[in-house]
Amino acid sequence: MALRGAYGMTTRINAVPRAVPAEEVQVPFADCYITAAAQNAALRVLRSGWVTTGREVAAFEGEFAGYVGADHAVAVSSCTHGIELALRSYGLPRGSLVLTSTMTFCGAVQAIVHAGLQPVLVDVDAITGMPTPATVRDSVRAFGQPAAMTVVHWAGDLADVPALADAAGLTLDQVVVDAAHAIGTYEGSTPIGSQCGATCFSFYATKNLPLGEGGMITTNNADRAGWLHQARLHGMTADAWRRYLPGGSWRYDVAEAGLKANMTDIQAAMGRAQLTHLPRWQERRAQIAARYDLQLSTLPAVALPHRPAPGTGTHAWHLYPIRLAAGIERDEVIAELAARGVGTSVHFIPVHQLTYFGQVASIPPSGMNGADALFDQLLSLPIHPRLTDGQIDAVCAALADATNRRFSRKGAE
């Protein structure tokens with residue numbers, strides 16, 4: 001990942017073996033680009049004398065809610081904390097069952113655990129990387145009726161949230177959407193962010209709207225938004241900004257077992273500036289995906305990423321996850337691309353394969369055949385707005401060399 005600082009300095013953190021020096025990486029897997037406007041916004045806040053949660057956070061919440069078409073937005077320190085708080089806002093009994101995909105980041109399932117709830121893992125389709133109504137029903141049959149579900153829009157592709165909720169016997173208000181990969185995505189003409197009980201977004205360094213850290217919860221439920229605003233800061237009835245304003249009172253109460261999960265004004269000011277660039281960045285991501293499609297569609301060992309059916313919605317193109325043909329050793333391909341200066345990654349190690357979740361999560365006895373099959377084939381290629389056409393072509397050429405040679409050898413065996 002390339003992290004660009006306020007003075008144009010670049011630190012590279014890449015998904016490549018240590019044997020490849022950072023200066024030899026020609027195509028970084030990710031690029032955390034903080035615009036000059038966002039840098040200036042952060043400096044403006046630093047000079048203001050107020051750097052924690054305050055007016056910038058409130059402004060960012062309003063602008064973000066407008067962007068995704070939600071009535072309310074609550075800024076938090078991470079998407080993981082957002083999912084935990086969203087689930088806690090449902091007031092579920094401790095130990096209640098919550099369905100979630102096994103093909104997700106570990107933090108999304110940690111959020112269920114830290115909310116005091118029981119994660120029930122759901123297998124995925126080996127092509128889309130997301131649960132299906134059939135795999136949801138399989139988990140429900142194995143463990144009983146869930147109280148809630150978190151649905152992941154994986155890689156920027158769209159999950160069929162209504163169909164999954166129906167298969168689980170839940171209403172849309174009982175669903176928390178994990179949209180960490182899906183900012184800027186539309187379902188039909190409706191932006192993701194207002195369809196369910198709560199939707200959670202990520203502003204992590206690798207995300208489509210990068211701040212380094214941070215997240216947002218959106219909802220159309222005013223009572224839920226009020227609870228979330230309070231719970232994100234220790235459950236206090238008044239934050240420091242309101243207490244220290246002229247005429248404010250130092251008194252406050254603690255009404256909930258809240259978290260320290262608030263966003264700072266520095267992050268929020270950067271977010272407001274970054275948000276103005278997001279439509280253009282999303283357009284560039286779509287252009288990059290189309291260029292990849294054109295060059296990779298003829299490779300016999302490569303299957304292109306799944307995407308929404310025409311007319312059903314758009315893809316955020318947070319990731320460009322290809323699937324390699326059976327028998328092609330993924331890690332060998334990763335090493336060869338790395339040797340040619342191309343950073344790659346794999347999204348994700350299925351949760352049920354991680355030691356901790358193998359112990360605490362409920363895993364259907366039928367297994368996770370779809371996720372296991374998909375994981376061995378997955379490879380995420382670089383996709384970020386400042387990727388040049390030349391860099392895209394270099395990735396495609398390196399991938400063609402690495403996979404065609406192995407595919408021919410496999411066919412000759």
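1. Which strands does helix H6 (residues 161–168) lie across? Helix H6 lies across S5, S7 and S8, and runs at about 150° to S7. Helices (H or I, at least four residues) and strands (E, at least two) are DSSP runs numbered from the N terminus. Axes are lines fitted to C-alpha atoms, for helices over the stretch in contact, and angles run from 0 to 180 degrees between N-to-C directions; contact means heavy atoms within 4.5 Å.

2. The model is predicted: local features need pLDDT of at least 70, side-chain atom pairs count only at pLDDT 80 or more, and totals for chains, interfaces and linings use all residues. Residues are numbered from 1 along each chain as its sequence is written, and side-chain values use heavy atoms, with hydrogens and water left out.

3. Seven strands form an open sheet with mixed pairing, in the order S4-S12-S11-S8-S7-S5-S6. Strand S4 (72–76) and strand S6 (118–122) are the edge strands, each pairing on one side only. On average, neighbouring strands of this sheet are turned by 20° against each other, direction ignored. Two strands pair if DSSP finds at least two bridges between them.

4. Helix H3 (residues 79–88) also belongs in this picture. Helix H3 lies across S4, strand S5 (97–101), strand S7 (148–152), strand S8 (175–178), S11 and S12. The angle of helix H3 to S11 is about 165°.

5. Strand S11 (residues 198–202) pairs with strand S12 (residues 215–219) in the antiparallel sense, over four bridges. With S8, the pairing of S11 is parallel, over three bridges. Cys 200 takes part on both sides: Ile 217 is its bridge partner in S12, and Asp 178 stands opposite Cys 200. Phe 201 has Met 216 as its bridge partner in S12.

6. Are the residues of S11 buried or exposed? Ala 198, Cys 200 and Ser 202 point one way from the strand, Thr 199 and Phe 201 point the other way, and all are buried. Buried means under 20% relative accessible area, exposed over 50%, and partly exposed in between (1.4 Å probe, protein chains only).

7. The whole structure holds five cavities of 30 Å³ or more. A cavity is a set of points on a 1 Å grid over the protein atoms alone where a 1.4 Å probe fits but cannot get out; lining residues have an atom within 4 Å of a point. The largest cavity has about 70 Å³ of space, the volume being that filled by probe spheres set on the points. Among the residues lining the largest cavity are Asp 31, Lys 207, Trp 281 and Arg 386.

Technical notes: 1 Å grid on protein atoms, 1.4 Å probe; cavity = no way out; pocket = protein on both sides within 12 Å on 5 of 7 lines; lining within 4 Å.
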